[in-house]
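Please read it alongside the sequence and the structure shown here.

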Amino acid sequence: MGVRKWVSLRGRGVIKGMLLAGFGVQTALGLLWLCCNLGGVQDFPEPESALYQGVSGLFGKVPFLLYLMQLAAAWGAGYRFLSRFLWAAGSAGRKAGQAALWGSLALLAYPFALQCHLAVLPSSFQGSLFLLMLSFLLELLFLRKWSRPGNFPEAFSHPGERAAGQFLRCSLWAPLRRWSAGKRTLCSAAGALCCLSLMVLLYGPEGLFYGMNVPGTSPEGTVYSEGGDGQEEAGGSSGAGGAADMEQVSEGGVPGKEGRNGSRRSPESVLADRVAWPTLWQDHDRWTEYLPGVPDSVWWEASYCPGNLAVLQAAVEEALEEDAARALYREMTEYAWQVHWPMVVRQIGWDVLGYAVTPLVFQLQLQGEAYDSFTGRNYEVMRGQAPRLTRLYVDYGCWWYGAGLALGLCLMVVEFLAGKNRGWRRAAAALAVCALAAGIQTALFALRGAGVMDYKCTIAVSQLWPGMVLLLMGREQVHGERGAGMWP
């Protein structure tokens, strides 16, 4: 008993103090980076989302106001998500509100999310809408726990008063509670559906389900190594065509907005883009008999850069009927899977990790030890305003991401050893809801195509992991401890 009490009082306090210090340093670095980049414009291509173009057009040529709007939306979405998660786990009150307040500020300082909040890109609103959707889902699924009728008749001591109270409860109180619960259920369902619809509009059907390469760019980009003064160039990663220069890719016929979205992509072509594209040039001799009129230059161009399968798709549609083209895509996919399945599985695994836990694989991607992605180009753009601060901020953010998860796991173990495991079933159920939604989004993006992993698409998914640690820090209200709060 003495050991458990020491673990409860000392162990939790030490771990929470370390977590507080770690998140505090990241938040301070994030605020400093925000101040250095609030007035600049990151060098990203113009977004293709018509909805986002309309929203950003309201601010004209003043991105500062757009950034403030995106930051406010991200902070509000983070606060609502954390507060609803704590509520679903059984935590409520002023301390829970403070936990959600400071936790949302820590989520806002996540490096790759903050990069999107200070860019003219729909990624910021997409991440905010995802967290809002999760908050509405938690309300919808755990609403019955929040709307339980109270002990209305038992509040009276006289038998006659209790009888009158029971009558009022049956005739007025219970119907009112049921009407209120039904109204909140409809509002929560409508909110979740509205967030999902807006996310699809921001991504676009092609961007969400089929993937889309940035027009005129190569996802590998150019990154900077640690040697010298930080100006030594290195390829982002090794792919089928290597790191391509953007002007050469544009002149070489990489499909732009028209080539990528001009024709409807079939599910078979999407699978071929995911499975068969990395070895397209290696295996193309097997398919030339199907397409005798397609020269080798088209096969080379299609395999040169991620997303270029649309070049081959145009040639296939000219040479074959739709059913025959689909059969060819299926055969290409089946052959690539049978011959190269270990490589395909490895590439898909790297994409899933890149989307789900970006900081843990970010450094590997920059060093070319992971699968091709937009990571090098994104980092090059991010360090445009303050390169040294950006490198410090990103390096610390990646390190703290893993360290915070490890400390969160230790805190969970200490909680169980100390017997502070009340309410874990509710928390586990809420976590399962978030994990399911995050897994669906990650799978959709991982299956879009090969070589198009872009962490900007799933910044909210990566935020969920440190969010769970922040929620664990604020979970003490579940136990009803006096003075328990998020911070030690």
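The sections below go from the whole chain to single residues.

## Overall make-up

The model is predicted. The protein chain contains 21 helices and 2 strands. Of its 488 residues, 50% count as buried.

Contacts in the protein chain with a separation of 6 or more come, to 80%, from residues 24 or more positions apart.

## Nonpolar cores

In soluble globular proteins, nonpolar side chains tend to be buried together. Here the largest nonpolar core has 84 residues. Those with the most contacts inside this core are Leu19, Phe23, Phe81, Phe85, Phe130 and Phe362. Helix H19, residues 387-417, gives the most to the core, with 11 residues.

Beyond its neighbours within four places in sequence, Phe362 is in contact with Phe112, Thr375, Tyr379, Val394, Cys398 and Tyr455. Two of these residues, Thr375 and Tyr379, are buried residues of helix H18.

## Helix H18

How many of the 8 residues of helix H18 are buried? The count is 7, so helix H18 (residues 375-382) is largely enclosed by the rest of the structure. The buried residues are Thr375, Gly376, Arg377, Asn378, Tyr379, Val381 and Met382.

## Packing of H15 and H16

Two packed helices are described by the angle between their axes and the distance between the axes. For helix H15 (residues 309-319) and helix H16 (residues 322-356), the axes come within 10 Å and cross at roughly 135 degrees. H15 is therefore oblique to H16.

On the H15 side, the contact is made by Leu312, Gln313 and Val316. H16 contributes Ala325, Leu328, Tyr329 and Met332. By type, the residues of this contact are 6 nonpolar, 1 polar and no charged.

## Cysteines

A disulfide is a covalent bond between the sulfur atoms of two cysteines. The structure holds 0 disulfides. For Cys194, the nearest cysteine sulfur is that of Cys195, 5.8 Å away, whereas a disulfide needs the two sulfur atoms within 2.5 Å.

Is Cys194 buried or partly exposed? Its relative accessibility is 42%, so Cys194 counts as partly exposed. Cys398, one of the contacts of Phe362, has a relative accessible area of 7% and is therefore buried.

How values were computed. Residues are numbered from 1 along each chain as its sequence is written. This is a predicted model: local features need pLDDT of at least 70, side-chain atom pairs count only at pLDDT 80 or more; totals for chains, interfaces and linings use all residues. Side-chain values use heavy atoms; hydrogens and water are left out. A nonpolar core is a set of buried Ala, Val, Leu, Ile, Met, Phe, Trp, Tyr and Cys residues joined through side-chain atoms within 4.5 Å. Buried means under 20% relative accessible area, exposed over 50%, partly exposed in between (1.4 Å probe, protein chains only). Helices (H or I, at least four residues) and strands (E, at least two) are DSSP runs, numbered from the N terminus. Contact means heavy atoms within 4.5 Å. Axes are lines fitted to C-alpha atoms, for helices over the stretch in contact, and angles run from 0 to 180 degrees between N-to-C directions. Angles under 35 degrees count as roughly parallel, over 145 as roughly antiparallel, 65 to 115 as roughly perpendicular and the rest as oblique. Ala, Val, Leu, Ile, Met, Phe, Trp, Tyr, Cys and Pro count as nonpolar, Asp, Glu, Lys and Arg as charged, and the others, Gly among them, as polar.
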